[in-house]
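Hi,

Here is the structure I said I would pass along. Have a look at it first, and then read on for my notes.

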Amino acid sequence: MSLSRDEIIRWENSQLADVYHRRNLAVVRGKDALIWDADGKQYIDCMAGFGAAFIGHCNEKVVKALQTQAEKLIACHGSLYSEARAQLLRKLASIAPKGLDKVFLSNSGSEAVELALKVSRKFTGKKEFIAMMRSYHGKTMGSLSVTWNAKYRAPFEPLIPQVKFVPYGRSEEVRKALTADTAAIIVEPVQGEGGVYVAPEGYLKELRELADRQGALLIFDEIQTGFGRTGKMFALEHWNVTPDILCLAKAAGSGVPIGITLAGEEVMGSLKIGEHSATFGGNPLSCIATVATIDVLVEGRLWEAAARLGKHFSSRLRELGERHRIVREVRGLGLMLGMELRFDVLDILNKMLEKGVLIMNAGVKTLRFLPPCVISPSQLDTVVEKLEECLREKEASIAR
Ligand SMILES: Cc1ncc(COP(=O)(O)O)c(C=O)c1O
């Protein structure tokens with residue numbers, strides 16, 4: 001029995017923990033770059049499940065793979081061997097950066113980071129972490145400890161106390177913060193939640209060198225950037241730097257929950273039996289969804305589509321920036337783009353929704369766009385058109 005829009009909203013508002021800034025949209029269906037609400041209204045989706053539906057909603061191959069697997073096996077614990085899991089490992093081996101051959105499978109980005117932190121301590125025998133200002137790595141106790149925003153951290157302290165935050169993009173600050181007790185440096189190659197900031201040229205390589213010199217590990221959080229989003233399969237390819245540990249999630253399963261932590265044999269080998277586990281980690285459905293997602297990505301070389309469409313979209317957004325003084329800056333890489341305005345963007349988000357376009361924010365003043373790579377140039381042009389209407393309306397209201 002389907003629920004009406006009002007019923008959906010009533011149930012969620014009355015029963016769910018009230019921890020999301022919920023938008024006035026009850027989604028019932030999605031296909032490629034479009035979603036539909038309970039009243040049948042269509043939206044261009046530049047949120048894509050917070051980046052999870054990178055190859056588009058309900059990709060046919062992913063849906064078929066899930067249907068077939070659901071009829072075969074849905075539950076299989078990590079203490080048993082599983083065909084679906086082995087298929088995923090084989091697939092990951094074909095795309096993983098060289099040297100990152102060992103895998104731990106979990107259920108979310110935060111969990112992928114949790115293991116990265118634990119294994120860093122285990123392997124190095126050291127305690128401290130260096131994280132970046134504006135970072136976002138999740139909200140479980142460990143991942144929250146390396147997440148910058150004090151609003152998220154403060155109510156739950158004490159967290160891991162040995163975390164030092166340094167400004168993003170400045171390797172000399174990392175050098176000053178490193179000590180003999182630093183277990184790892186954790187960094188996003190492109191900061192997402194913090195406002196869409198791309199690592200400056202040379203930065204990640206310098207971090208690699210600093211970590212090596214100090215005997216600390218380097219963790220890349222590619223939970224938002226991984227699997228094609230920035231125009232490469234992994235963002236690290238833009239700079240040719242390989243970390244010791246790579247955290248992945250979001251787009252991997254096209255919306256089916258999965259967290260992936262990759263590391264070298266020695267680093268991952270420092271964990272002993274029982275030191276980490278997850279009941280649903282490596283679940284057959286998430287494994288098979290990820291196999292299908294990788295197949296679709298590789299067959300279509302979809303990271304190239306992201307690069308191409310990202311170029312088109314960012315140049316159109318930059319044109320808007322030239323026409324409207326309320327735009328401060330357009331930033332990003334591939335189909336991970338941000339537009340910083342000179343004021344709070346909340347009412348622009350709501351107005352865009354009324355106009356049939358779903359976009360997000362990153363912080364108070366930045367509009368964030370994470371569309372699927374199957375979005376068409378004309379859909380992107382519609383997004384730009386609607387956004388220009390909103391900017392004009394905003395300018396008119398300021399002038400009044
Ligand atoms: C860079 C980054 N790391 C970690 C996370 C946390 O992932 P999850 O929400 O799946 O726990 C996110 C989620 O937005 C993210 O963008």
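What percentage of the 400 residues of the chain count as buried? The answer is 48%. Do bear in mind throughout that this is a predicted model.

Starting with the overall picture: the chain contains 14 helices and 17 strands. Its C-alpha trace spans about 60 × 55 × 40 Å along the principal axes. The radius of gyration is 21 Å, which agrees with the value near 21 Å that a compact globule of 400 residues would have. If you take the contacts between residues at least 6 apart in sequence, 74% of them join residues at least 24 apart.

I picked out two of them.

The crossing is right-handed. On the α12 side, the contact is made by Leu309, His312, Phe313, Arg316, Leu317 and Leu320. From α14 come Pro377, Leu380, Asp381, Val384, Leu387, Glu388 and Leu391. Sorted by class, the contact of α12 with α14 has nine nonpolar residues, one polar and three charged.

The other pair is α3 (residues 60–72) with α11 (residues 284–300). Here the axes are 9 Å apart and the packing angle is about 150°. Angles over 145 degrees count as roughly antiparallel, so that is the label for α3 against α11. This crossing is right-handed too, as α3 passes α11. Lys61, Val62, Ala65, Leu66, Gln69 and Ala70 are the α3 residues involved. They meet Pro284, Leu285, Ile288, Ala289, Val291, Ala292, Thr293, Asp295 and Val296 of α11. The contact of α3 with α11 divides into eleven nonpolar, two polar and two charged residues.

Which peptide bond is cis? It is the one from Glu157 to Pro158, with omega near 10°. Pro158 sits in the loop between α7 (150–153) and β6 (163–166).

There are also positive phi values in residues other than glycine to look at. Phe50 has phi near 60°, and its place is in helix α2 (residues 48–51). Phe50 has 16 other C-beta atoms within 10 Å, so it counts as partly exposed. Ser254 is not a glycine either, and its phi is about 55°. You will find Ser254 in the loop between β11 (245–248) and β12 (259–263). Is Ser254 buried or exposed? It is buried, because it has 31 C-beta neighbours inside 10 Å, and the cut-off for buried is 20 or more.

Cheers

Note on methods: Residues are numbered from 1 along each chain as its sequence is written. This is a predicted model: local features need pLDDT of at least 70, side-chain atom pairs count only at pLDDT 80 or more; totals for chains, interfaces and linings use all residues. A crossing is left-handed if the near helix is turned anticlockwise from the far one by less than a right angle, and right-handed if clockwise. Helices (H or I, at least four residues) and strands (E, at least two) are DSSP runs, numbered from the N terminus. Two residues are in contact if their C-beta atoms, placed from the backbone, lie within 7 Å. Ala, Val, Leu, Ile, Met, Phe, Trp, Tyr, Cys and Pro count as nonpolar, Asp, Glu, Lys and Arg as charged, and the others, Gly among them, as polar. The radius of gyration is taken over C-alpha atoms; the globule rule is 2.2 Å times the number of residues to the power 0.38. A residue is buried if 20 or more other C-beta atoms lie within 10 Å of its own, exposed if 12 or fewer, and partly exposed in between; C-beta atoms are placed from the backbone. Axes are lines fitted to C-alpha atoms, for helices over the stretch in contact, and angles run from 0 to 180 degrees between N-to-C directions. Angles under 35 degrees count as roughly parallel, over 145 as roughly antiparallel, 65 to 115 as roughly perpendicular and the rest as oblique.
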